[in-house]
Amino acid sequence: LQEGGKSYLMEAVDLQLTGNRLLVSDGASRKPLDVELQISDLNILLFDRQVYLLRQIAATVLGGSDRAADSQGAQVEAQGSSLKGDAEAASFMMNSRVLFQGATLMLHTSESPYPIATCSVRDVNTQFSVTGKGTDVVLQIASLEMMDGKGRTFASSMGNTSSADAEQQLVVLKHRTVAPDSKDHPGYDSSWDLDFRSLVLNWNDKTIALLVEFGEEALRNKEGGEAAPNTSQHVVNSEGKPVSSSREGDKAGGEVANKSAENAVALKAKLKMQVTASIQLLSAVLMRDGDGVAKLEMSALTCKYELGAHGSKTTGKLGNFVVEDLSRPDTLFQEKLGLRDTSRSVVEFELSTYSASGAEHPGYDSMLVLEMSSTRLVYMKRFVDELRAYIAAEPLISGIMGKTASAVAESAKKAAGHHRRGQGLAKVRCKLVNPLVVLPVEDSSEEHLVADLGEILLENRFSTEGEKRIEHFEVGVKAMNLQEGGKSYLMEAVDLQLTGNRLLVSDGASRKPLDVELQISDLNILLFDRQVYLLRQIAATVLGGSDRAADSQGAQVEAQGSSLKGDAEAASFMMNSRVLFQGATLMLHTSESPYPIATCSVRDVNTQFSVTGKGTDVVLQIASLEMMDGKGRTFASSMGNTSSADAEQQLVVLKHRTVAPDSKDHPGYDSSWDLDFRSLVLNWNDKTIALLVEFGEEALRNKEGGEAAPNTSQHVVNSEGKPVSSSREGDKAGGEVANKSAENAVALKAKLKMQVTASIQLLSAVLMRDGDGVAKLEMSALTCKYELGAHGSKTTGKLGNFVVEDLSRPDTLFQEKLGLRDTSRSVVEFELSTYSASGAEHPGYDSMLVLEMSSTRLVYMKRFVDELRAYIAAEPLISGIMGKTASAVAESAKKAAGHHRRGQGLAKVRCKLVNPLVVLPVEDSSEEHLVADLGEILLENRFSTEGEKRIEHFEVGVKAMNLQEGGKS
């Protein structure tokens with residue numbers, strides 16, 4: 001076979017056909033016709049330009065689409081006739097064999113005299129026999145080998161090329177048809193059996209690039225303007241007459257296709273089929289520039305498919321699926337995925353389908369039973385990013401995976417829609433036995449966490465209530481553990497139980513919410529200081545570069561925006577969910593002591609979430625909180641009733657609601673938050689705090705001592721899956737997302753109407769030194785409300801009381817150092833309004849504060865003040881918080897004052913302090929004291945304009961100050 005006047009595609013091919021048959025008279029016993037065809041080596045040399053030439057000639061020779069339809073019809077007719085077992089078929093018998101030593105295909109480009117790839121197939125053997133009972137076909141291929149242009153192996157089988165033994169063949173494919181009326185009918189009319197041995201691929205990116213370029217070059221001529229030959233005028237219809245137009249051709253092809261489809265449906269209803277397949281080993285080494293990146297290996301895959309008149313059954317198992325990291329020779333975790341017990345199969349499954357017209361239809365159309373044995377996954381972000389980057393840069397794999405993912409997602413979406421409407425119902429039972437996730441700090445470090453995800457069981461069932469069809473589903477997780485590699489458990493024996501149900505309805509029917517409940521057993525967490533640093537290192541390794549955070553921020557803004565759209569898709573989905581768990585206990589340990597330094601317990605946590613077309617509702621309730629120090633003394637305690645689910649008895653009730661802007665009963669806001677905090681008492685023991693601070697410092701000390709957290713910036717990939725080569729490029733990629741997120745956030749804020757309310761019933765702290773009280777600080781009845789609209793915001797609030805008591809001197813006559821004089825009033829009430837500069841109702845300033853402070857009494861004792869200052873200075877946690885807060889407030893005040901002075905961010909203020917009282921005792925145990933009533937203090941300002949000048953006027957007034965000797969004149 002030669003390209004006209006140019007090179008040979010194939011040359012010197014020999015064929016030898018031999019055969020014999022027995023000549024017998026009518027009625028005599030017949031024997032099969034015996035035929036054998038031998039073919040010499042096929043050596044094919046193919047240039048890219050010749051591929052296009054072959055396509056052109058094929059288009060010219062084969063012509064229009066009706067040939068395909070005729071072919072389909074012929075196949076169906078042939079299948080039908082093979083099952084008839086009529087007299088004519090019964091009278092014909094034949095045995096045939098096709099043997100050839102092998103074939104070699106060499107692919108060339110026009111630019112190079114050397115092949116870019118060579119593929120060799122050796123010892124191909126085909127056998128075909130037909131009798132009155134049916135047909136048998138066997139295809140055997142002994143071996144396959146592919147080499148790249150440099151003579152390196154690209155693909156290689158492990159078959160024995162010198163043996164015809166089926167055990168040594170790369171591929172053995174068998175096909176059998178059996179006449180339905182055959183005497184020894186095996187229970188199926190047609191069977192296929194594929195036995196695939198071992199194939200190893202060295203997937204070199206350079207070779208793949210050349211092959212892809214070969215394919216593109218072969219198609220480029222057509223893209224450059226040369227059209228394929230027009231063959232429509234040569235198409236003939238079913239009567240053999242030429243078709244004069246494409247429409248007539250389509251009609252002719254359509255008639256055949258419709259007839260073929262009808263025949264295929266009828267045939268499938270009668271056909272009984274069996275398909276078996278096995279793959280011993282399929283291994284691929286992904287390579288970059290000749291160096292290994294990763295190895296993917298699948299072994300011992302078997303599958304069996306059986307089709308009957310009333311459904312089908314597919315069973316199978318996969319021996320193992322292994323992923324190895326070849327990019328880092330120093331890694332201690334080379335195997336990134338694989339079975340823990342290699343004597344088992346990684347997956348076993350059974351899938352059954354049922355005909356809707358079958359008498360034994362169980363009420364659903366399919367059932368999947370799947371069990372996955374315990375596997376180990378080692379997660380390293382570096383390796384995952386490297387694999388993602390390799391796939392993104394490799395056009396063949398990325399193209400296949402992209403199309404596959406899109407097809408799977410589209411199929412899943414359609415299946416979910418059908419399932420929700422009660423169509424194509426599938427019963428599922430999936431069991432995952434203790435999957436193990438290993439999280440190393442880095443490749444060359446032995447430090448790692450091990451998460452045993454327990455035994456996971458997912459199953460569903462269906463029930464009927466009247467005319468309603470309901471799906472019930474359940475996910476159970478038993479005995480989850482989290483362990484420091486080879487050391488103590490951080491968490492163990494945690495159980496989860498997810499249950500739910502939903503009403504399956506047809507289109508147009510009234511929908512009801514999906515109902516879900518998650519129950520969690522007690523969480524008992526034991527945490528050492530060294531493990532905090534380990535967790536921080538692993539978090540840095542897992543999360544990696546900053547682009548993830550930017551993507552997350554963008555996703556949050558998009559989610560907020562979409563939650564307010566109230567579109568048709570959102571309106572069609574409704575859900576009620578609850579998360580319940582008995583509680584969690586956290587015990588903090590140091591490496592030096594076997595006893596915990598502190599124990600924190602949270603009890604009866606209840607979360608509810610509901611979503612409808614009108615919006616969402618979230619409620620979080622925590623019944624109680626308690627903290628104990630290492631000696632069993634109470635450090636923090638709530639006053640919630642742990643045995644009651646009543647919101648009035650909960651420590652915390654947090655509510656969040658979103659409302660679609662076009663909702664019929666819109667409340668005037670699109671989003672709301674409400675926090676109701678009951679009572680919490682703290683015994684702030686300095687010794688316990690010192691131990692907790694030391695715990696934190698010890699957790700951070702390793703890093704401060706010189707061990708840096710793993711650097712993951714070099715592994716960050718951009719949106720195209722390519723590694724970011726510098727921090728500047730990473731910042732740019734993250735910055736683009738962050739800028740977009742910021743723009744979306746500004747646009748969203750301009751439309752959003754929000755309401756936030758908060759209340760704290762009681763928050764009390766007893767400052768203690770060596771177990772003895774120094775002072776008590778108590779805040780009660782705090783309420784606050786924040787409202788955000790299109791043209792500004794409004795914040796109102798009040799504080800019932802703020803009390804400071806002196807506990808350091810039991811003999812003091814002035815124990816209460818600060819508090820309200822009239823406890824029926826609130827100590828502070830305020831209102832803060834802000835105005836949008838672009839708003840039509842802007843009053844000439846950007847904010848206004850109105851504050852009124854009721855009459856309070858302050859007892860000033862220098863001894864107590866000094867003692868309190870000394871306590872705070874010696875207590876690192878409070879002093880650190882207060883120092884940073886004071887610095888931040890001072891800096892903000894300085895900036896605000898500067899802006900205010902320049903006429904920017906103007907604030908109108910009206911503050912009123914009603915008769916604050918200052919008591920000045922001689923000493924704690926003496927009744928002698930002075931009382932200073934500071935009178936009614938009023939501070940306010942206003943703004944005026946004179947020409948182009950902007951002037952601020954302010955005024956401070958004090959009325960009726962008094963100074964009195966305590967109880968006297």
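What pLDDT does the protein chain average? I looked this up before anything else. The chain averages 81, and 80% of the residues score at least 70. pLDDT is the predictor's confidence in each residue, from 0 to 100.

**Ground rules.** I am working with a predicted model, in which local features need pLDDT of at least 70 and side-chain atom pairs count only at pLDDT 80 or more, while totals for chains, interfaces and linings use all residues. Residues are numbered from 1 along each chain as its sequence is written, and side-chain values use heavy atoms, with hydrogens and water left out.

**Whole chain.** I noted 14 helices and 43 strands. These are DSSP runs numbered from the N terminus: helices are H or I, at least four residues, and strands are E, at least two. Of the 969 residues, 34% are buried. Buried means under 20% relative accessible area, exposed over 50%, and partly exposed in between (1.4 Å probe, protein chains only). Among contacts between residues at least 6 apart in sequence, 65% join residues at least 24 apart.

**Cores.** I next looked up the nonpolar cores. Such a core is a set of buried Ala, Val, Leu, Ile, Met, Phe, Trp, Tyr and Cys residues joined through side-chain atoms within 4.5 Å. The largest has 57 residues, and Leu-523 and Trp-684 touch the most other members. Beyond four places in sequence, the contacts of Trp-684 include Phe-635, Ile-689, Val-766, Tyr-871 and Glu-875. Another core, of 28 residues, lies apart from it; Ile-141, Val-171, Leu-199 and Leu-387 are among its members.

**Helix 6.** Leu-387 is also one of the buried residues of helix 6, as are Lys-381, Arg-382 and Asp-385. I checked the length of this helix. The expected span is 1.5 Å times one less than the number of residues. Helix 6 has 13 residues (381-393), so it should span 18 Å; its end C-alpha atoms are 18 Å apart, which agrees.

**Largest pocket.** Helix 6 supplies at least two residues of the lining here, as do helix 7 (395-420) and strand 10 (273-288), among others. The pocket holds about 600 Å³ of space. Its lining counts 25 residues, with Ala-284, Leu-286, Leu-296, Phe-321 and Ile-397 nearest the centre. On a 1 Å grid over the protein atoms alone, a pocket is an open set of points where a 1.4 Å probe fits, with protein on both sides within 12 Å along at least five of seven lines; lining residues have an atom within 4 Å of a point.

**Single residues.** Is Asn-606 buried or exposed? I find Asn-606 buried, because its relative accessible area is 18%. Asn-606 lies in strand 26 (residues 598-612). Its contacts beyond four places in sequence are Val-579, Leu-580, Val-619, Leu-620 and Gln-621.

Glu-829 sits in strand 35 (residues 828-835). At 43% relative accessibility, Glu-829 counts as partly exposed. Gly-797 is 32 residues away along the chain, yet its C-alpha is 5.8 Å from that of Glu-829. Glu-829 also touches Lys-798, Val-850, Leu-851 and Glu-852.

Pro-180 lies in the loop between strand 8 (171-178) and strand 9 (190-204). Pro-180 is partly exposed, at 43%.

Conventions
Contact means heavy atoms within 4.5 Å. Grid points are joined across faces, edges and corners, and a volume is the space filled by probe spheres set on the points.
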